[in-house]
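User: I would like to learn how to read a structure. Could we go through it feature by feature?

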Amino acid sequence: MIAVNRKGEVWVFAEHEGGTLSEVPLELLGKGRELADSLGVPLAAMLLTAGEGEAMVRRLGQYGADKVYLVEHDLLRQYQTATYARVVCELVQAHAPQVVLYGATAMGRDLAPTVASALRCGLTADCTDLQIGDHTPPGGKELHRNLLLQIRPAFGGSIIATIVNYDRWPQMATVREGVMVMPEPDGRARATVVRHPVSFNGFVAPLRILESQRREKKVNLKAARVIVAGGAGVGTREGFRLIWELANCLGGAVGASRAAIDLGFVDKDHQVGQTGTTVRPALYVACGISGAVQHRAGMEESAKILAINIDRSAPIFSVAHYGIVGDLRVVIPRLIRAIRSGARIEGLAEPLGERSAASGDARG
Amino acid sequence: MANHCVVCVKQVPDTKRLSGQAMKDDGTVNRAALPAIFNPEDLNALETALAIRDRWGGTVTVITMGLPKAADVLRESLFRGADRGILITDRRAAGSDTLATSYILSCAVRRLAPDLVLCGRQAIDGDTAQVGPQIAEKLGYTLVTYLDELLDLRGTTVRARRNLGNGFEIVEAELPVLLTVVDTANTPRPPAARRVMKFKKARCRSEVEQAIARELPAGTEDEKATEVARRSLALAERGLLIGQWNLDEIGADLTWCGLKGSPTKVHRVQSIVLAGGAYREFEASEDGVARLVRELIEDHTIG
């Protein structure tokens, strides 16, 4: 671990895939800026690449990074735990940041705990909010000021816990994609580059990556203004056609609860929820979704929520603004008729996803 | 020994069933009332280990850190085919966060010196997915997260497919490795009837002590101790004594255990009230639906 250091910077791990930054580090720079300003310290990004990182450095600057710690080495061309963790630990020990934030992505949830273990420092996963505040340990008299308050749901979402780490620094946290709001880029902003030379000294990367396939997501839920989501209550894959029709008619995207994915109604890309995508559309229509806490965590900040469910006591109604208690097989066609006769929808866009002929294999 | 697998499992409250009895009157969850279950992804990890043994031979030892009642998940593991179960239990481990937990488990694993360690990706109570990777770091084992399928195990080389959510990776590494297993990897085999019949009588030492305390409330400490030893020996002879280690027996440095060994501390906990909010119901009739749509159009939510 590093010594508690009040001049330490706020850092964001700049996750990227083959030279393109992921969205989550940009979202974290937005929150990072607030934290850094509150602490009166610079905001920086850590960028590990095999070279040609200029475009990413520029972008990180535009999204608010004052500095970019740039590490270039051939061994960093493809992510693997041992190489990246080694470099991140070196950077942290050399420059002693107060706070290090990572996206809670597949990469982040592999890297961050490894770094925390090596540095013997604290790490809180899946934070839904981060603030600066004070803490006094129970039964203690010392006041620890200006700590990172790491706020996250736990116990299946039934509690919100605020976690602190006052003596085993840096304070590290992971945050899921879509949870923090993406800041507006400033085209004129520039980050200072701090090159950190790293020598692997004959280090042999333990993992051999033989094959790597990435696929484009079939639907962009985060960008959708309207989402119509179906749950287990839809009943069958054929029944899910109603969800597609309602989404089409509203110019929206199709979402789904984990249960609907597991039942094979639609592809995993459409999943909304704590382990799927977190969304904040202007309108979220939840059809046949009971509203388990893990689902609610992914959509409860939608501006308007309409819930349709045959069960009056379904928890989804507790977060909805509008509710219709009824059979969605009857209600959705009525909605569609009312929408089509009631208004001409401007800018009706083709939904990004094609009608899914999903084999029901959640692995896609 | 080739292909010696250790599986780390956890007994967790069933956080996926938050309803009815688990709710208090104020709408918050009564955590103590939740039934205890085998963490789902740890079942997938156990299945992976059993499949390795089926295909390539070796042994499967299951360990868990918890209170004596966590021996339940060790019995469950024995029912499904594990060769051996060990409970790590010690009051001084209370309050451990993921770093302290992974430290304690790594001390236990080190004693067993396996070729492969398997963990579920994450537990449904903490949801952090941190313990697996942290055990790997402490042991210096190569970490392979999000195991979707173990493709080959030849000599000392493992080939695996990882499910990254937005794609896959095929990787190779030399033993020893630590794998975290995701729920899409496999369907855990059910308990085998004959193994249930045999191992339902398996007990760990603490459970024996608790039973003797109940059965001989008036006994002296010596009498109880003698009975505990006798009964434990009888269980051991029939292969029914579940192993049990405390922090001293695994060589753990207490500085890194329990609350003291945990960098992360709870500042505050707030219960979520699962009710309330400005909510309006509309009738499911043509009229009710039309009124709702009109309102949504009028305030520019749609249209």
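User: Is A:Asp126 buried or exposed?

Analyst: First, the ground rules. This is a predicted model: local features need pLDDT of at least 70, side-chain atom pairs count only at pLDDT 80 or more, and totals for chains, interfaces and linings use all residues. Residues are numbered from 1 along each chain as its sequence is written, while chains are lettered from A and ligands numbered from 1 in the order in which they are written.

Analyst: Now burial. A residue is buried if 20 or more other C-beta atoms, placed from the backbone, lie within 10 Å of its own; it is exposed if 12 or fewer do, and partly exposed in between. A:Asp126 has 23 other C-beta atoms within 10 Å, so A:Asp126 is buried.

User: Where is A:Asp126, and what is its phi?

Analyst: Most residues other than glycine have a negative phi. A:Asp126 has a positive phi, near 55°. Its place is the loop between strand E7 (123-124) and strand E8 (129-135) of chain A. Helices (H or I, at least four residues) and strands (E, at least two) are DSSP runs, numbered from the N terminus.

Analyst: B:Tyr146 is not a glycine, yet its phi is positive, about 55°. B:Tyr146 lies in strand E7 of chain B. B:Tyr146 counts as buried because it has 23 C-beta neighbours inside 10 Å.

User: Which peptide bonds are cis?

Analyst: Most peptide bonds are trans. The bond from A:Trp169 to A:Pro170 is cis, with omega near 5°. A:Pro170 is in the loop between E10 and strand E11 (171-175) of chain A. The bond from B:Leu175 to B:Pro176 is also cis, with omega near 5°. B:Pro176 is in the loop between E9 and strand E10 (177-181) of chain B.

User: What span should helix H8 of chain A have?

Analyst: The expected span is 1.5 Å times one less than the number of residues. H8 of chain A (residues 328-342) has 15 residues, so it should span 21 Å; its end C-alpha atoms are 20 Å apart, which agrees.

User: Which residues of H8(A) are buried, and where do they point?

Analyst: An α-helix has 3.6 residues a turn, so residues three or four places apart point the same way. In H8(A), the buried residues are A:Leu328, A:Val331, A:Ile332, A:Arg334, A:Leu335, A:Ala338 and A:Ile339. Seen down the axis, they fall within an arc of 160°, so they line one face of the helix. That arc is taken over the directions from the helix axis to the C-beta atoms. On the other side of H8(A), A:Arg340 and A:Ser341 are exposed.

User: How many residues of each chain are in contact?

Analyst: Two residues are in contact if their C-beta atoms, placed from the backbone, lie within 7 Å. Here 65 residues of chain B are in contact with 71 residues of chain A. Elements giving two or more residues to the chain B side include helix H3 (98-112), helix H4 (131-139) and helix H8 (286-298) of chain B.

User: In which sense do strand E10 of chain A and E13(B) pair?

Analyst: Two strands pair if DSSP finds at least two bridges between them. Strand E10 (residues 159-164) of chain A and E13(B) pair in the antiparallel sense, over six bridges. In E13(B), B:Ser271 is the bridge partner of A:Ile159.
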